[in-house]
Amino acid sequence: MLSDYDDWRPALASLLQPIPFPKEALAHAKFTKELKYVIQRFAEDPRQEVHSCLLSVRSGKDGWFQLYSPGGVACDDDGELFASMVHILMGSCYKTKKFLLSLAENKLGPCMLLALRGNQTMVEILCLMLEYNIIENKDTQLQIISTLQSTQVGFRMYEQLCDRQRELKELQRKGGPTRLTLPSKSTDADLARLLSSGSFGNLENLSLAFTNVTSACAEQLIKLPSLKQLNLWSTQFGDAGLRLLSEHLACLQVLNLCETPVTDAGLLALSSMKSLCSLNMNSTKLTADTYEDLKAKLPNLKEVDVRYTEAW
């Protein structure tokens with residue numbers, strides 16, 4: 001109730017900002033819901049002494065905007081509040097290289113995921129990261145470019161940026177990234193949108209770990225001719241996807257299926273992927289018979305993880 005009153009809000013913000021709430025409280029549905037209402041009032045307040053409380057007060061401690069980011073302990077809205085908080089901070093005195101560097105180091109994944117879904121604030125953030133040379137890794141730069149080009153608003157803002165910095169165009173002309181990591185919470189649609197936005201013929205290493213992708217994304221994966229390493233740890237990628245991969249990705253060398261719903265029906269299809277040298281089937285429904293069959297038919301297999309399966 002206090003957060004609804006303009007005259008109380010500055011004092012309330014300064015009171016709440018330094019309190020180290022335990023993660024058990026921040027993960028509690030009722031507590032998070034009530035607190036979220038208060039944080040939203042802070043984010044909507046135009047006064048710097050109020051909305052500056054969204055930042056942390058000590059090194060190593062997350063601020064409110066970080067705790068409510070996608071994947072954050074208190075996030076329950078796919079990042080809507082996170083985006084609005086970053087918007088108010090970027091619109092005030094925090095439009096600085098230091099703030100962008102902090103986002104790049106700690107929250108690049110959520111920023112890219114929201115930009116991929118067309119959030120204009122996050123599109124602006126990624127453009128500024130490129131413009132201020134915040135990102136040094138070339139593969140990450142190329143991933144950001146592909147993310148920007150996947151939506152109309154992103155494509156328009158990136159083109160405007162390229163008009164000011166022609167070297168970005170040159171970077172893109174040299175080819176797509178060799179490594180790519182999708183942010184957690186990404187979906188099949190997010191992956192399809194990203195891969196359709198640019199050239200990924202050079203992509204060798206793709207991590208979809210802890211995303212929400214399913215076997216449906218295999219239709220996109222088989223379009224990556226140079227793919228050698230694929231990480232599907234803790235996704236919903238299943239047997240149908242494995243069968244499709246086995247038919248098209250003959251060059252795949254490393255495959256991580258840890259904590260996926262795959263069974264013998266899909267795993268047996270991997271016997272045709274003779275290039276596999278590392279295979280993680282930890283915590284899957286692998287049986288001992290299928291494991292023996294795979295070992296016999298995959299001569300290059302050197303590293304295998306079958307912990308927490310029947311074959312262990």
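Is Arg193 buried, partly exposed or exposed, and at what relative accessibility? Arg193 counts as partly exposed, because its relative accessibility is 29%. The model is predicted.

**Arg193 and its surroundings**
- Arg193 lies in helix 13, which spans residues 188-195.
- Not counting residues up to four places away in sequence, Arg193 touches Leu116, Arg117, Ser150 and Thr151.
- Cys111 is 82 residues from Arg193 in sequence, and the two C-alpha atoms are 16 Å apart in space.

- Asp190 and Arg117 form a salt bridge, with their closest N and O atoms 2.8 Å apart.
- This pair links distant parts of the chain, 73 residues apart: Asp190 is in helix 13, and Arg117 is in the loop between helix 8 (108-116) and helix 9.
- Asp190 is buried, because its relative accessible area is 2%.
- Arg117 counts as partly exposed, because its relative accessibility is 33%.

**Helix 9**
- Helix 9 covers residues 120-131 and has twelve residues.
- From first C-alpha to last, helix 9 reaches 16 Å, close to the 16 Å expected at 1.5 Å a residue.
- Helix 9 is mostly covered, with nine of its twelve residues buried.
- Among these buried residues are Met122, Val123, Ile125, Leu126 and Cys127.
- At the start of helix 9, a side-chain oxygen of Asn119 comes within 3.1 Å of the backbone nitrogen of Thr121.
- Asn133 follows helix 9 and has a positive phi, near 55°.

**Other salt bridges**
- The count comes to 13 salt bridges.
- Arg9 pairs with Asp45 in a salt bridge, the closest N and O atoms being 2.7 Å apart.
- Arg9 in helix 1 and Asp45 in the loop between helix 3 (29-44) and helix 4 (48-51) are 36 residues apart, so the pair links distant parts of the chain.
- Arg9 counts as buried, because its relative accessibility is 8%.
- Asp45 also counts as buried, at 1% relative accessibility.
- Asp6, Arg9, Asp45 and Arg47 are linked in a network of salt bridges.
- Glu292 forms a salt bridge with Lys295, with the closest N and O atoms 3.3 Å apart.
- Glu292 and Lys295 are three residues apart in helix 17 (residues 288-297), so about one helical turn separates them.
- Glu292 is partly exposed at a relative accessible area of 45%, and Lys295 counts as partly exposed at 39% relative accessibility.

**Nonpolar surface patch**
- Leu2, Tyr5 and Trp8 form a nonpolar patch on the surface, and together they have about 340 Å² of accessible area.
- Leu2 sits in the segment before helix 1 (9-16).
- Leu2 counts as partly exposed, because its relative accessibility is 41%.

Terms used:
Residues numbered from 1 in each chain as written. Predicted model: local features only at pLDDT ≥ 70, side-chain atom pairs only at ≥ 80, totals over all residues. Heavy atoms only, no water. Helix = DSSP H or I, 4+ residues; strand = E, 2+ residues; numbered from the N terminus. Buried < 20%, exposed > 50% of the residue type's maximum accessible area, 1.4 Å probe, protein only. Contact = heavy atoms within 4.5 Å. Patch = residues over 30% accessible without salt bridge, like charges linked within 9 Å, V, L, I, M, F, W, Y side chains within 5 Å. Areas by Shrake-Rupley, 256 points an atom, 1.4 Å probe, with all protein chains shown as cover. Salt bridge = Lys/Arg side-chain N within 4 Å of Asp/Glu carboxyl O. Expected span 1.5 Å × (residues − 1). Polar contact = N/O pair within 3.5 Å; in protein donor to acceptor, adjacent residues only side chain to side chain.
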